[in-house]
Each structure stands twice: as structure tokens, then as C-alpha cells.
Amino acid sequence: YRFLSGDETLNRLYDLKSFKSDLDHSLCFNSDIPYGYGLGSSGALVAAFYDRYCLEKTQDLVELKSILSATENAFHGASSGIDPLVSYTGTGILVEEDGKLSRIDTDIIGRGLFLVDTGISRRTEPLVDAFRDKFMSNSIFSDAVAELSTYNKDAIHAFIKKDQAKLNEAVRLISGVQSEHFSALIPEAFMEIWTEGLVSGKFNLKLCGAGGGGFLMGLLHDPEYYPPCLDQYDIIKI
């Protein structure tokens, strides 16, 4: 409420009087998305807030993304707007090179994807700030981010086309870059498992959101194979 009240553009978009009244009467947001886990908990909150309090809603995805991004800045300082957009539309969102946005429906069941609960909650904003500072000051790191972006695009296209072999390879490359250049964001207890996946070629792990804890995403190269090294952790198969 304080953030939106202090923003001349945003405070005209929302019914903040009603919002403040609801807050004073113990308004809460009931969500099953764990907080600080890299799965878009703040995005879901922002989507729900927009749905309830926006005075004039828009159906234009680019405009909607911009509004949701500016609103989620209250939590992250610099939000892409993608998380709340996905929550609000209830679909996957494809972002093209030219910034064009489109809704996509993809079948992810049986694709070998899973989540690993690290048991560590963290705040996104300081991790994002540290990332941006390192990106601006360390050329080796910025080159690694560019490399990661290429592999990420490859993974997205392979996922959409349901090309499992190319998806496996793209995620393996993502996992390798993150292991080498983002190791500070990988919980120490999971480094050995992370490395086992890279060496064995049977599965790979990648960071979710800003990393530093929360969930790790995994991909089984053979959906029928389950790595024993993960038995001790809480796993969510997607």
C-alpha cells in the first residue's frame, strides 16, 4: 500500500482506498505457493491484487506485463512482470526476441521434470541486486549470463516442440554454466548431487528464480529413471 501510494502512475490504476480499508479489516492472501522459494509467490499475490483492485483492466499482454512488472517492483526492486502475468492469465507465456508476448499451452506431464525442496527460504530482492551488480562489474560473469540466455532459449524452443533430446541437452548446458558461474547461489548441500547429474548424464538440476535456496528444478533424461541420491529430499514430480 505504501509503495503504490507513493507512485504517481500506479496509484491512479488501483482502488487504493478500498485496498486500505480491506487491509484494516485483516485482509490476507491465502496461497499454497511457498514464500521465498523461487516459484512466484509474489507474482501470484500481485496477480490477485490486480484482479481485485485494478480500476480499468487491460487484455493487452504487453501493457498488462508492464503494469504487473511495475506493481511487483514493490517486492523485488526490478521485476520482469512474467511471474504475475503467468499467474493472472493461467497459461504459459512465450516472450519473443522483439518483445511480442503470446499465450502457450504445453503438456508438461511425463516430461521428466521435477522440483527438489532445499528447505531454505530466501528473499529475492538482495539476490537480484547482487546479480545486477556482478553483471555490471564482471565481464566473465556477464559473458556467462549471455551464454546462459542462449541455452535457455534453446530449452524453451525444444520444450515447445516437445523435442526431448534437445531439451535434455539444453538443460545440461544450463546446469553446467550455473555450476561454474552461479555456484554461490547453489546450496552447498546440493553441489555433490548437482555434479553427479552432470557427470552421469542421467539428470540435471537448475536454479529456480533467483536461486540461493527454495526449489531446484530437475530434468530426468530418462523419465523412467529416478536418481537414488535424491531419496533423502522432498521431491515434487511435475
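Does lysine 162 count as buried or exposed, and at what relative accessibility? Lysine 162 counts as exposed, because its relative accessibility is 53%. Exposed means over 50% relative accessible area, buried means under 20%, and partly exposed lies in between (1.4 Å probe, protein chains only).

This is a predicted model, in which local features need pLDDT of at least 70, side-chain atom pairs count only at pLDDT 80 or more, and totals for chains, interfaces and linings use all residues. Residues are numbered from 1 along each chain as its sequence is written, and side-chain values use heavy atoms, with hydrogens and water left out.

Stay with lysine 162 for a moment. Lysine 162 is found in the loop between H7 and H8. Helices (H or I, at least four residues) and strands (E, at least two) are DSSP runs, numbered from the N terminus. Lysine 162 is not a glycine, yet its phi is positive, about 60°. Most residues other than glycine have a negative phi. Lysine 161 lies in the loop between H7 and H8 too. Lysine 161 is exposed, because its relative accessible area is 68%. From its C-alpha atom to that of serine 175, 14 residues apart along the chain, the separation is 21 Å.

Two packed helices are described by the angle between their axes and the distance between the axes. Axes here are lines fitted to C-alpha atoms, for helices over the stretch in contact, and angles run from 0 to 180 degrees between N-to-C directions. The axes of H7 and H8 cross at roughly 160° and come within 8 Å. H7 is therefore roughly antiparallel to H8. Angles over 145 degrees count as roughly antiparallel, under 35 as roughly parallel, 65 to 115 as roughly perpendicular, and the rest as oblique. The crossing of H7 and H8 is left-handed. A crossing is left-handed if the near helix is turned anticlockwise from the far one by less than a right angle, and right-handed if clockwise.

Which residues meet? Contact means heavy atoms within 4.5 Å. On the H7 side they include Ile140, Phe141, Ala144 and Leu148, and on the H8 side Leu167, Ala170, Leu173 and Ile174 are among them. By class, this contact of H7 with H8 has 13 nonpolar, three polar and three charged residues. Ala, Val, Leu, Ile, Met, Phe, Trp, Tyr, Cys and Pro count as nonpolar, Asp, Glu, Lys and Arg as charged, and the others, Gly among them, as polar.

Next comes the inside. A nonpolar core is a set of buried Ala, Val, Leu, Ile, Met, Phe, Trp, Tyr and Cys residues joined through side-chain atoms within 4.5 Å. The largest such core has 31 residues, and Val116, Leu167, Phe182, Ile193, Leu205, Leu207 and Leu216 touch the most other members. Elements giving two or more residues to this core include strand E3 (113-117), helix H9 (191-200) and strand E4 (203-207). H7 gives the most, with eight residues. Isoleucine 193 is in contact with Phe203, Leu205, Cys229, Leu230 and Tyr233, leaving aside its neighbours within four places in sequence. A second, separate core has 17 residues, including Leu4, Cys54, Leu61 and Leu68.

Turn to helix H4. Leucine 64 has its place there. Leucine 64 is buried, because its relative accessible area is 2%. Beyond four places in sequence, leucine 64 touches Tyr50, Thr58, Leu85 and Tyr88. Serine 69 also lies in H4, which spans residues 61-76. Serine 69 counts as buried, because its relative accessibility is 13%. Its contacts, not counting residues up to four places away in sequence, are Ser79, Ser80 and Gly81.

H4 packs against helix H5 (residues 82-89) at an angle of about 120°, with the axes 8 Å apart. H4 and H5 are therefore oblique to each other. Their crossing is right-handed. The contact of H4 with H5 divides into seven nonpolar, one polar and three charged residues.

One more pair remains. Helix H2 (residues 16-24) and helix H3 (residues 41-53) cross at roughly 120°, and their axes come within 10 Å. H2 passes H3 in a right-handed crossing. Leu16, Ser18, Phe19 and Asp22 in H2 meet Phe49, Arg52 and Tyr53 in H3. Serine 26 lies in the loop between H2 and H3. Serine 26 is not a glycine, but has a positive phi of about 70°. Serine 26 counts as exposed, because its relative accessibility is 60%.
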